[in-house]
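Student: Hi! Could you walk me through this structure?
Tutor: Happy to, let's look together.
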Amino acid sequence: MSGTGHPGLTYRADIDGLRSLAIIPVLLFHANLGVPGGFVGVDVFFVISGFLITRIIFGEMTAGTFSYADFYERRIRRLLPAAFVVFLASAIYALLAMAWFDVASFGRSLFSAALYLANFNFYWDTGYFSDDATTMLLLHTWSLAVEEQFYIVVPILFALLIRWIPRRLILPILIAMTIAGFVLCVVLTNVSLMAAYFLLPARAWELGVGGVLALTGTGWVRSRPVAEAITLAGAGLILASCYVIDEATPFPGSYVAMPVLGAAALLAAGHYPGTIMHRVLRLSPLVWIGKLSYSLYLWHWPVIVALSYGREEIGGWRGAIALLISLVLAYASLQLVETPVRRKRVLAGRKPLFLAAAGGTALFVAAGFAMYLGGGFPQRFDNRQELEALLDTQSRSDLRGECYNLEEGDISAGDFCIRGREGVAPTFALIGDSHAGALSPPIFQAADALGVSGAQLSSAGYVPMPGRRNLGANYAPNLTPEVFGWLDANPQIHTVVMAGYWQYEATSRTYRHNGTIFADEDYDGSGTDYNPRAFANALNRLVARFPDRQFVFLDDVPTGRELYVRHYVRGVVSHGSGLDALPRAAAEEQRALYAPILSQLAATHSNVAYEQFLTDAICGPVDCPLFGPEGQLRYSDGDHLSVPYSLQLSPVLQARLAPYLAGALSQSNQAPPAAD
């Protein structure tokens, strides 16, 4: 992603042109301007970096002129000045315009980015409970961290190889390591998608491809027709990957080979004079953008976050404005910050440079820790108490947390809640994730009115999906063996009420989930496109496992940033007003993602019913409001109803559930259920 700044390398304008082919898709993707796979530009950058850095390090080591001090001085001059400016600008924006909870999160990302550990931070911060990515000012620094970690490992690796391995074996060893890295990438993508995406072990092979190319050289391309074919194929691979690959693709996996091989092809033959791509890559506008690419990459994401913070997602003319602003800032950064330091007009000596780098890093680490430990400094806001009252989800959530946050072992130990009519043996179970927990107050209030009780077997992120596995980070407890054992041991549990975040379970994509792969024994490698099928397969296994139980699947509630009180507060803090209603059409689009699967399940199995009513109960004809008529919050967050509002739905739930719960009423005088 960065240039080399190395005076000994012959300048190739086509490499700057290739950088433009890397940065432009990234910009268009993040600005939502019609390039669904534009994130592959990062992989092109990885190959370029591996190529240039390997040429520098290996060439100097074999010549006996390599110096760690010289190498890292060049890295500091190239990378840190612009990064420090962006860190500073982002910190100022966060403190002036962001809500305190986002400032605290930014603080953690700031100190991790300053230490080039951002990829670990965002790896740990993704998954089921991840927040909206468009609030993370430094999310894009994960790739810079990967490169910097590579820069630490590679000099040591080459020093060992040159010292202990015959020269003729070094290239075969690097090729073998690169191939092994690719295999690891493919395997890890199917085991832990987030680890494969963010962490160096699965990404190092991409830089390794560039390194192998640097050692083989480019002199083997000796004819124009061969160079023409190679470069056109390379450009075609990069262009195709921008549209064949998208967020539904199991990425990086094997798909990442497309942009990687495309970049390698252009590096191998893009210098050959007279070819179409040689002329294209040397066009002045592309070379100019390529020279700006590092600063453009640094600036574009904070600008996009700033323009979308507390508002609708970026796109259209707002996306275009974001990129124009980024271009201006990148040019100013290049001229006023990067170039003076790199050309030693500022901080000319090594000692003052290293001291400035160490001091700046320490400053940002300390500032990040202060923001994080200080909770984002909420005392900055005059209306702090009013805003914190809006965010007080504890007062609007079910206080019986032990009832819906079960952990592994709780069900076997009998450590779960029986709710509804007191003194009556349970005849039904409510099973599901935190959405089931959020609906539990009106469900059990309805049960009490009907004279029955039930067991609540729910936990955040958990829905029984037998035979299905999550290839990404999975934070939910595996309660399925205990749930199944308990149902087997308690045949008097006649009815099973199922509630869950069905949009997530069917697609893995919501307003707060970026997508993961759900796979089973029939998984065909199609990535998240397979998720609806995995959802349907798992539900069919579930209801077939208990043919003597009545399953009642409840519709899910509408969800979204517009219904998330934190996002509303973001708008109030940043702009004076926040989004407070989800369009009804959006709610219907959400339901259409899972309702056909649940409807088909009910049509296929006689012991399954699907009740669709929550969207109609919550939404009006135009929108689904965050606030009720008297200003009370209907949601505790963007996908969980508040307890006070959920209790208003008790009459509707009672009417819908009565045929199923009353059917089990005759069994309610049996003995309490046994723990398995």
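Tutor: Let's start with one spot: Val552 stands opposite Ala609 in β11. This is a predicted model, where local features need pLDDT of at least 70, side-chain atom pairs count only at pLDDT 80 or more, and totals for chains, interfaces and linings use all residues. Residues are numbered from 1 along each chain as its sequence is written, and side-chain values use heavy atoms, with hydrogens and water left out.

Student: How many bridges join β9 to β11?
Tutor: Four, and the two strands run parallel. Strands (E, at least two residues) and helices (H or I, at least four) are DSSP runs numbered from the N terminus, and two strands pair if DSSP finds at least two bridges between them.

Student: What about β5 and β9?
Tutor: Those run parallel too, joined by four bridges. Met498 stands opposite Phe553 in β9.

Student: Which residues of β9 are on one side and which on the other?
Tutor: Gln550, Val552 and Leu554 are on one side, with Phe551 and Phe553 on the other, and all are buried. Buried means under 20% relative accessible area, exposed over 50%, and partly exposed in between (1.4 Å probe, protein chains only). Because five of its five residues are buried, β9 is largely enclosed by the rest of the structure.

Student: What's the strand order in the sheet?
Tutor: The sheet is open, with six strands in the order β1-β3-β2-β5-β9-β11 and mixed pairing. β1 (417–420) and β11 (608–611) stand at the edges with a single partner strand each, so one side of each has no neighbour in the sheet.

Student: Is β1 parallel or antiparallel to β3?
Tutor: Antiparallel, over four bridges, with β3 covering residues 453–458. Gly420 stands opposite Ser453 in β3.

Student: Which strands does helix α18 touch?
Tutor: Helix α18 (residues 434–450) packs on the sheet and touches β1, β2 (426–432), β3, β5 (495–499) and β9 (550–554). Contact means heavy atoms within 4.5 Å.

Student: And helix α21?
Tutor: Helix α21 (residues 531–545) also packs on the sheet, touching β5, β9 and β11.

Student: New topic: which residues line the largest cavity?
Tutor: Among them are Gln503, Asp556, Arg591 and Tyr594. On a 1 Å grid over the protein atoms alone, a cavity is a set of points where a 1.4 Å probe fits but cannot get out, and lining residues have an atom within 4 Å of a point.

Student: Which helix gives the largest share of that lining?
Tutor: Helix α23 (residues 584–604), with four residues.

Methods: 1 Å grid on protein atoms, 1.4 Å probe; cavity = no way out; pocket = protein on both sides within 12 Å on 5 of 7 lines; lining within 4 Å. Axes fitted to C-alpha atoms, helices over the stretch in contact; angles between N-to-C directions.
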